[in-house]
Amino acid sequence: MDGLTKKAYELRRDIIEEVYRSGAGHVGGDLSVIDILTVLYYEVMNVSPENWRDGNRDRFLLSKGHCVDALYMVLGDRGFFDKQEAIETFSAFGSRFIGHPNTAVPGIEMNSGSLGHGLALGVGMALAARMDQKSYRTYVVLGDGEMAEGSNYEAMMAAAHYRLDNLCAVVDLNRLQISGPTGQVMDSSDLGEKFKSFGWNVIPVADGNHCGQLTEAFREAAAFRGRPSVLLACTVKGKGVSFMEDQKGWHHGVMSREQYETAVRELEVALA
Ligand SMILES: Cc1ncc(C[n+]2csc(CCOP(=O)(O)OP(=O)(O)O)c2C)c(N)n1
Ligand SMILES: [Mg+2]
């Protein structure tokens, strides 16, 4: 296992701890998006607890805000706050680590959770960078089910209109949303064609749980000029825990003690 992959698996272990203790969270989407978050925070983005108030920090928006439990683990691990506090209090009454992103938490740029808003905010941030002559890049992570929201298409149109090559979207293409396969609920199988027709540079990532492929794709996006880029990252919902993989029931399923122990065991075997 290379360093980034190992980090992503350690963070999977943290996510399992956090969601088991709280009996809350969205474990399936956390496990599909964690490699994307790991590569962004450990390899790609220029953002850290040290420069977090600096106007030139890279911006990150988790538009699929229900997976904040994964984001908390990455931010905590990067030192934005005490990760253990997030593990122990996630979703508890009075905790600052509530079930959706909230700007009261260091490292979080935007409240989200109501799907379909992140890309439009990302367009605004990317446009502001150009107007203020700042060099930061803006990254927005969306779910494939979330792509049913019409507001995304208005944001896609504006991003291309303003030629925002400092904007990079990522779709966590795990083929499932809350109530079943995206192909059945609202088909998004031709997302590449949709983004292309709106004027975006489309970068398919065959294995969106592969840190090396993701790193390469983010490099390609950063080098591309004149149009916004989108990574279409083919992931597996629940990736890394066999009984959760590709199962719609684990969108926000709650683990029994036995399931928790099995999940931990599997992740520890992967890490060994
Ligand atoms: C506007 C809005 N409608 C409905 C929901 C309820 N909801 C929460 S998660 C979800 C499914 C999202 O699926 P997807 O974007 O594919 O996320 P992932 O598979 O990565 O968990 C839905 C419909 C919401 N949060 N916001
Ligand atoms: Mg999905």
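Select helix α1 (residues 3–22) together with helix α3 (residues 68–77), and look at how α1 passes α3 in a right-handed crossing, a crossing being right-handed if the near helix is turned clockwise from the far one by less than a right angle, and left-handed if anticlockwise. Helices here are DSSP runs of H or I of at least four residues, and strands are E runs of at least two, numbered from the N terminus. This is a predicted model, in which local features need pLDDT of at least 70 and side-chain atom pairs count only at pLDDT 80 or more, while totals for chains, interfaces and linings use all residues. Residues are numbered from 1 along each chain as its sequence is written, and chains are lettered from A and ligands numbered from 1 in the order in which they are written.

The two helices pack at an angle of about 125°, with their axes 9 Å apart; the axes are lines fitted to C-alpha atoms over the stretch in contact, and the angles run from 0 to 180 degrees between N-to-C directions. α1 and α3 are therefore oblique to each other, given that angles under 35 degrees count as roughly parallel, over 145 as roughly antiparallel, 65 to 115 as roughly perpendicular and the rest as oblique. Show the side chains of L11, D14, I15, E18 and V19 in α1, which meet D69, A70, M73, V74 and D77 in α3, contact meaning that C-beta atoms, placed from the backbone, lie within 7 Å. These residues divide into six nonpolar, no polar and four charged, where Ala, Val, Leu, Ile, Met, Phe, Trp, Tyr, Cys and Pro count as nonpolar, Asp, Glu, Lys and Arg as charged, and the others, Gly among them, as polar.

Next, select α2 and helix α9 (residues 211–223), which pack at an angle of about 60° with their axes 10 Å apart, and this makes α2 oblique to α9. The contact is made by D35, I36, T38, V39, E43 and V44 of α2 and by C211, L214, T215 and F218 of α9, a set of six nonpolar, two polar and two charged residues.

Of the 21 residues around ligand 1, G29, G143, G145, E146 and Q177 come nearest, a residue being near if its C-beta atom, placed from the backbone, lies within 6 Å. By class, the shell has three nonpolar, 13 polar and five charged residues.

Then move to helix α5 (residues 118–131) and helix α6 (residues 151–161), whose axes come within 8 Å and cross at roughly 20°, so that α5 is roughly parallel to α6. α5 passes α6 in a left-handed crossing, and L119, A120 and V123 in α5 meet S151, N152, E154, A155, M156, A158 and A159 in α6.

Finally, zoom out to the protein, which has ten helices and five strands and whose C-alpha atoms fill a box of roughly 50 × 45 × 35 Å, taken along the principal axes.

Methods
Two residues are in contact if their C-beta atoms, placed from the backbone, lie within 7 Å.
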